Amino acid sequence: MSGIVVVGVDGSETAMRAAETAKELATALGATLRVVTAFDKKRTEVVESGGDKWILSDADEAEKIALDVATKLADGKLGISYTAAFGKPGEALIQEAERIGADLIVVGNRRMQGLGRVLGSVANTVAHNAPCDVYIAKTDEP
């Protein structure tokens, strides 16, 4: 295949399970893996302490989460990249997949049962609107 597999993460344990599944799929398919964390607010905060000054933003925090997951998944064999994408999680994953020409999006099945299924979930949004194939990984408690 040698394509691109995109996975959405948010720092949760269930998202890490989806990322591990995405890694396995990308490895088996000979694809690269793109780890994406969404952020839907463009807030920036300046923090000062003594003579030091830091600028913190939602984009930076999201990118940190994506980097952390990409680092945990790295094994030296698989090409892995990461990014933060602006928008609601499902929409951000779809836009990133379109932008880079992804072949597969992997999402977890969290909130696909009960009320979450009716009100919507990331997996539901992606499954109905993705520009490519979608794999919904079982990430809830066994």
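Analyst: Start with a term: buried means under 20% relative accessible area, exposed over 50%, and partly exposed in between (1.4 Å probe, protein chains only). At 14% relative accessibility, arginine 34 therefore counts as buried. The model is predicted: local features need pLDDT of at least 70, side-chain atom pairs count only at pLDDT 80 or more, and totals for chains, interfaces and linings use all residues. Residues are numbered from 1 along each chain as its sequence is written, and side-chain values use heavy atoms, without hydrogens and water.

Arginine 34 sits in strand β2. Strands (E, at least two residues) and helices (H or I, at least four) are DSSP runs, numbered from the N terminus. Two strands pair if DSSP finds at least two bridges between them. Five strands make an open, parallel sheet, ordered β5-β2-β1-β6-β7. At its edges lie β5 (80–86) and β7 (133–137), each pairing on one side only.

Now the side chain. Arginine 34 makes a polar contact with the side chain of serine 81, at 3.1 Å. Such a contact is a pair of N or O atoms within 3.5 Å; within protein, one must be able to donate a hydrogen and the other to accept it, and residues adjacent in sequence count only if both atoms are side-chain atoms. Contact in general means heavy atoms within 4.5 Å. Leaving out residues up to four places away in sequence, arginine 34 touches several residues, including Val6, Tyr82, Glu96 and Ile100.

Helix α3 (residues 89–100) lies across β1 (4–8), β2, β5 and β6.

Technical notes: Axes fitted to C-alpha atoms, helices over the stretch in contact; angles between N-to-C directions.
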